[in-house]
Amino acid sequence: MTKNPLATHLHQDGDQKPGEYNIFRDSLLRYCGYANEVGESFRYLYPKFVTPSYAVAFGYCLADSVSAGYHVMAVTEDGGDGGSSSKYDTPSKEKRAAIAMFDTLLWQSLASVAVPGGVINTIVRATRFTVARAVGLPLVVTKWAPTVMGLGSIPFIVTPIDHCVDFALDNSTRKYLEN
């Protein structure tokens, strides 16, 4: 895991102290971030389920982002100027909150919605393509195998995607935001 001060989505980083409770990461609410992966898994069986699953996942991303900004505003005790001798040395509390919100929203949008949604969609589509061309498979296998493969892959893709998004943001937007 990164030790970037802008990486507010990780327990060990940002303004959240280790062991501090965060409802978006430490409760069952966290699973709302995976709603779109479930929706993508069921895309071909229940297509009307996909759009609401993305609404739930993006709602989770927005709520976590607002929470990150609120947390920065609530825990900062420096009066807004960072406690420095010059107002140009440290960004204001409001600016730090906006950066935390932006970083969290960007990270969550990529790591919880866009990238895993695309990966699961590809897995489900490839499985559907494969079973459709297989000879002699029972109808139940042909119908449910893509969904099962999509759901079954979720636990295996989360951590690698999180680390890739961390790496990408640490080497792009976070470098810019640190200045």
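Modeller: What follows goes from the cavity to the helices that line it. The model is predicted, with local features needing pLDDT of at least 70 and side-chain atom pairs pLDDT 80 or more, while totals for chains, interfaces and linings use all residues. Residues are numbered from 1 along each chain as its sequence is written, and side-chain values use heavy atoms, without hydrogens and water.

The lining (residues with an atom within 4 Å of a point) consists of 13 residues, with Tyr34, Ala111, Ser112, Val158 and Asp162 nearest the centre. Eight lining residues are nonpolar, two polar and three charged (Asp, Glu, Lys and Arg being charged, Ala, Val, Leu, Ile, Met, Phe, Trp, Tyr, Cys and Pro nonpolar, and the others, including Gly, polar).

At least two lining residues come from each of helices H4 (93-133) and H5 (139-170), helices being DSSP runs of H or I with at least four residues. H4 has a kink of about 40 degrees centred on leucine 110, whereas H5 bends by about 45 degrees at isoleucine 154, with proline 155 following within four residues; each bend is the angle between axes fitted to the seven residues ending at a residue and the seven starting there. The axes of H4 and H5 come within 7 Å and cross at roughly 145 degrees (lines fitted to C-alpha atoms over the stretch in contact, with angles from 0 to 180 degrees between N-to-C directions), and their contact divides into 19 nonpolar, four polar and four charged residues.

How values were computed:
On a 1 Å grid over the protein atoms alone, a cavity is a set of points where a 1.4 Å probe fits but cannot get out, and a pocket is an open set with protein on both sides within 12 Å along at least five of seven lines; lining residues have an atom within 4 Å of a point.
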